Structure formats: structure tokens, C-alpha cells
Amino acid sequence: MTLRTGAGHPLPVTATPRDAADPIVEISYDLFTAMRNLRHVILPDSGRWYMNGLHPISAWRFHRELDSAVNDVLTPLYVFTGNNRQTAVALGLIGGPYETRCEIIEPVSNRALNVHVRQIGVRFSRRLPDHVAAADGSVTEHVFHHRPAAEPWLLTMRAFAQAQRDIHGLADRVTPSALEPIWCTWADWSSDDLTDELIRDNAARGVELGIRNYIIDDGWFGPGLDSDYGTELNIGDWTPDTTKIKDLAGLVRNIRALGGATLIWCAPHAVGPRAECFAERAPLLIRDGDGQPVLNPTQFYALCFRSPQARQVMTDLCVDLVRRWDFDGAKYDLFNWVPNVPCESMQHEHDTESMLWGLYLTLKSIDDATREIKPDYLVELKQNYGTPFFSQLGGMMRAGDAPYAPETNFLRTLHVQSYTPFALNDYQTFTEEDTVQDVAVTVIMMMAAGIPAYSVDLARLGPQRSGVLRRLHAWYKENQALLAAHRVPADPDNTVLAVRSSTEDIVFLVGAGGPVTVDKPTTILNGSYTEQFALHSRAPVTVETVDAHGNPSPSLVTEPGREWTVIPTTPGSTHLVRPC
Ligand SMILES: [Zn+2]
């Protein structure tokens, strides 16, 4: 075959077979860069686990091979940060969404860590589905090799996502209600315990606290993933369990009358052994070499995304949900539990070799069909089926699943925020053990990375903690237009994150916090436990502070001629900085 590289960055690489009838089946890219002293490695990831491999020694030892597949779509990019914490070099591959193995090939870690080669090598290997080749059999993909002067890793990932968008013509859609805070039944209740009263009561309180979107999660149709393993699942029928939800249509109407909107949870591919539709769907399930349907560890089967008939069934059932119950949106979930095995079923046709490309086709078909009925249908996707290829097929991309772990949730949401500003936090929850300041810090951390989300029994929250949500959501609502923009880190550790406009800035302090430079009216939210921060301004400013409880402090005026001022703060405080 012929191998040709073009010019520019990212670098186009074209492989052409001698004969189009003898196509290229598999292609692998080995990329090398000089070894240097490193701080962190951001591994190819969906955003769920990258924090576990941050240290170079862990990356070499424990994360050598990572697979981008139907159950976990990875960003095919390695970012290596230098001693100065900024990106030193990034190596990635830009191509369509289909199965890819990402591998560290140097330094080798076998009996010992072989660093004497003094280079870092990574490999991206892909089996090419038919649709990727041009008429002459050629395949063009792009190598991303990036050595910025000084850039936080978040911005390197954003540059990679932008290159993916430019090359593949991708664009996120803006769904008007996507930025609204979300409430969900998932974390604070067992999926056995859902009732329409519970949802209605929480919506009534939540609307008053500034929460608009309500997700009826797993379990509304029968046993869910919280149920005992011995309980056979009937997932797949998608009709309400009337012992839990007596009147689903009435519930949707009630929530709408309160000023809220309802999103329904659905795993379109899932078919439980006890589902009434099991016999009808059986020919379309993923099957192994023995012809048996593959049961995943969560105890249900999966429709095969490689089958056009199965994709039509999934599309029809999602359309049926909109038509029957008049929902305002849907949360599509559990593709991360699709068995990552080759489907060898003889009972249905395949029109693509790639299960991952099949997932893309499924979500695109569902999206096209449901938006024909409701153009602003709000769809929640999850980072396991993320990247800019998938984010354009929904209104927001959630960083699941990190309840009771605000720091993990922040890091996961930040990863999603690298490619879409419609990054939805995982549903956070609180107990009596969390102080009012803890609640305020958690909410601000969520806003620092994306859209706030909750799964907390609002009745249990009490007036003070509810007050935090009400105040911060009122501020968030007022600034929603600004918050539709990407967060920009002011430092490589993402401890100061800004949203900037020509007239007004918003700055979030998280983690250890950091200095803030202002040159226009700015709101600073303290989502950290720091008790002071350095404020830099060329002109004198006034600073008005409101603490986590909503109590204002006397306003402070900086001294003329003095550019740096130490501002006292408390966790969860908001500071309004205005020119004098
Ligand atoms: Zn199949």
C-alpha cells in the first residue's frame, strides 16, 4: 500500500491499498516523543477514571492498554504535563468513533521499568469498519502532536476536541433548557422505593429552590439495578409499575403545572429475562459463538447496535415514550453495561462491523426521530458515550457516577467540560453530617465545572441547606447566558476557573483556590476551604461579600495605587467586585 502524510496540524495520514477490492483491515499509529521529567499523564479516558493514572509511574505500570469500545468511549489522546504543571506534549489520533486500542509502548514496564530508551511511545490501533474507506479504498486519519508554550491540560484537551470538530464537522446543539439545574431519583432512594408522591413532593420543593428538570430514574417500570440480584429484571417493556407510579401521565402534568419538566430514564438496548417483550426481541440480542444471548453482569441482555432492525426497535421505543407520556426529555443510560464482545448472532443482519459505530447510529436515529416530535427534547447522555461525536446527539453530557464524592465529581465533570460546556455534574446529595458551608462549596464546585445536579430528598434538607440551593440557583439563573460558555482555567491545576465576557467575568475558586485578577465587574465564588485570596486590580474596587448562610459582610474598598489586596473569605462565600 501507499502511505502519504499531508501538511499542517493535525497531520493528515492517508493509507491507500494497491487494490480497493483488497481493503486495509487494521491500522496502527506509533507515535514517539523524547522522554523528559513529567508531572502528570492524562490518559485516554471517558473521563471516569483518568485521575487514577495521573502519576507517570502508575500510567506506565497499570494503564498500558486502554480500549475505546461500545461500553466506554475514550478520548484518544495522551497529555503529558511537565514539571511546571503545564502541558509539555500531547499525542493523539483523530478519526471516526469506532473501536480503538490505546497503548503505551515506551517506556516498557516488564521485569523493570526500561527508561534507558529515553523516549515515550504510544500506539493507537484500529480495526477499520467498511464505511471508513473512500472509493479508492484509502483511509485518512489525523495525528495530533501538540507542544504548546504554556497551557493547562484542560485547554490541550479542548484544542484536541476542537480539532475533532473541525475535521469531522461536528457541533454541539444548544437545547434551551439544558443548563437548568437537575434533580433525579437515583442516589437518595432505592430504585424499589420510587413513588409518584415522592417525585411530586420533591418537584414542588425543588421548583421553589430553582430546580427545573426532574429525572424519573431506573425502577419506574419494575425492579431496577438497586433490587436484589435474585430478582429477575423486566427492563425493556417500558411501561410503568403501577404499584410505584399510579398515574405517570398525571405526574408529568403535575410537574409541568409546578413549572418543572420531566425526563424519563431509559436504557433502550436493555431486555431483562422477565420482560414481556423478551421473546419478540430475542432474535435481535447480542449473542456469543454458541448462539446464546449474552447476559451482562447487571443481569439483562442487550439489543445489537450493529443490526439495523434492532436500531429501529430502540428508536421506536424512545419515540413511543414521547408520544405516550409527553415527557420533556430522556436520560439514556447503561450503554456502559453493553457486553463488549463480538456479536455472532445468526438471527439478525449486521450492516457495520463496529458495535461502537452502531451505538453512534442508534443514538443518532433516536435523536432525529424524537426531535421530529419535540425539537427541544432534552437528552442526558453520559461520559461513557461521550466525546464531541456523541455530545452533539444530546443536550448535555453527565459525568456519572460520583455521589458523596464532590472532588471526584468535579474532576470527572471537568473532563467532560474539556469538550462541551453542557457538562452535567453527577447528582450530588447531602446529609446532616454536611455543614451549610459544605453544601455551598459542593454546589459552587459543580457550577465551576458545569450544570448542577442533585439527588437529595429535599424534604430532608432543612431550611438552611435549602437556602444555599435557593440563593446559588438564583445567582446561576441570572448568569445562565454567561454560563453557557466553556470554563477557562487560570492555572494548570484548575483551582481558579473563569467564565469571561466583554462586560463581566465569573471566577470560581476550587481546591486550594488561588489569586484572582480583575479588570471589569467580576463575581468570585469560593468553592474552596480557603479563608483568603489575593485580588489583583489596577484600579481600586469595592468588594461585597455574602457568606454561605446568606449573611453579608461590610463592603471593602481596595487602596488606590495598591494592585494586590488580600481578601478575607469563608467557604461557600460569594464576592461581588465592582470598580469604585
Ligand atoms: Zn448482532
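Predicted model: local features only at pLDDT ≥ 70, side-chain atom pairs only at ≥ 80, totals over all residues.
**Zinc site**

I started at the zinc ion: its four donor atoms subtend angles of 101 to 116°, so the arrangement is tetrahedral (four donors count as such if all angles lie between 85 and 135 degrees). For reference, the ideal angle for four tetrahedral donors is 109.5 degrees.

Residues are numbered from 1 along each chain as its sequence is written, and side-chain values use heavy atoms, with hydrogens and water left out.

Which residues hold the zinc ion? I found C304 (SG), C343 (SG), H348 (NE2) and H350 (NE2) as its protein donors, at 2.0 to 2.3 Å. A donor here is an N, O or S atom within 2.8 Å of the metal (3.2 Å for Na, K and Ca); water is not among the atoms, so sites may look incomplete. I wrote the sequence spacing of the donor residues down as C-x38-C-x4-H-x1-H.

H348 has a relative accessible area of 9%, so I logged H348 as buried, while H350 is partly exposed at 28%. The cut-offs are under 20% for buried, over 50% for exposed and partly exposed in between, with a 1.4 Å probe and protein chains only.

**Domains**

Next I looked at the largest pocket, which holds about 590 Å³ of space. Its lining has 29 residues, and E99, R127, L128, E353 and S354 are the closest to its centre. Elements giving two or more residues to that lining are β5 (65–68), β8 (100–106) and β11 (119–127), and β11 has the largest share with three. (Helices are DSSP runs of H or I with at least four residues, strands runs of E with at least two, numbered from the N terminus.)

Where does the largest pocket sit relative to domain 1 and domain 2? Both domains give residues to its lining, so the largest pocket lies between them. By class I have 14 nonpolar, six polar and nine charged residues in that lining. Ala, Val, Leu, Ile, Met, Phe, Trp, Tyr, Cys and Pro count as nonpolar, Asp, Glu, Lys and Arg as charged, and the others, Gly among them, as polar.

The second largest pocket came out at about 340 Å³. I counted 18 lining residues there, with R471, W475, V546, T574 and L576 nearest the centre. The top contributor to the lining of the second largest pocket is α11, with six residues.

**Cavities**

How many cavities of 30 Å³ or more are there? My search of the whole structure gave three. The largest cavity has about 120 Å³ of space. Its lining is 14 residues, and L74, P76, G95, G96 and P97 lie nearest its centre. Domain 1 and domain 2 both contribute to the lining of the largest cavity, so it lies between them.

Grid notes: on a 1 Å grid over the protein atoms alone, a cavity is a set of points where a 1.4 Å probe fits but cannot get out, and a pocket is an open set with protein on both sides within 12 Å along at least five of seven lines; lining residues have an atom within 4 Å of a point.

**N494**

Last, I looked up N494, in the loop between β23 (488–489) and β24 (496–500). N494 counts as buried at 3% relative accessibility.

Definitions and conventions: Tetrahedral: all angles 85-135°; square planar, octahedral: opposite > 155°, others 65-115°. Points joined across faces, edges and corners; volume = space filled by probe spheres on them. Domains from an automatic or database assignment.
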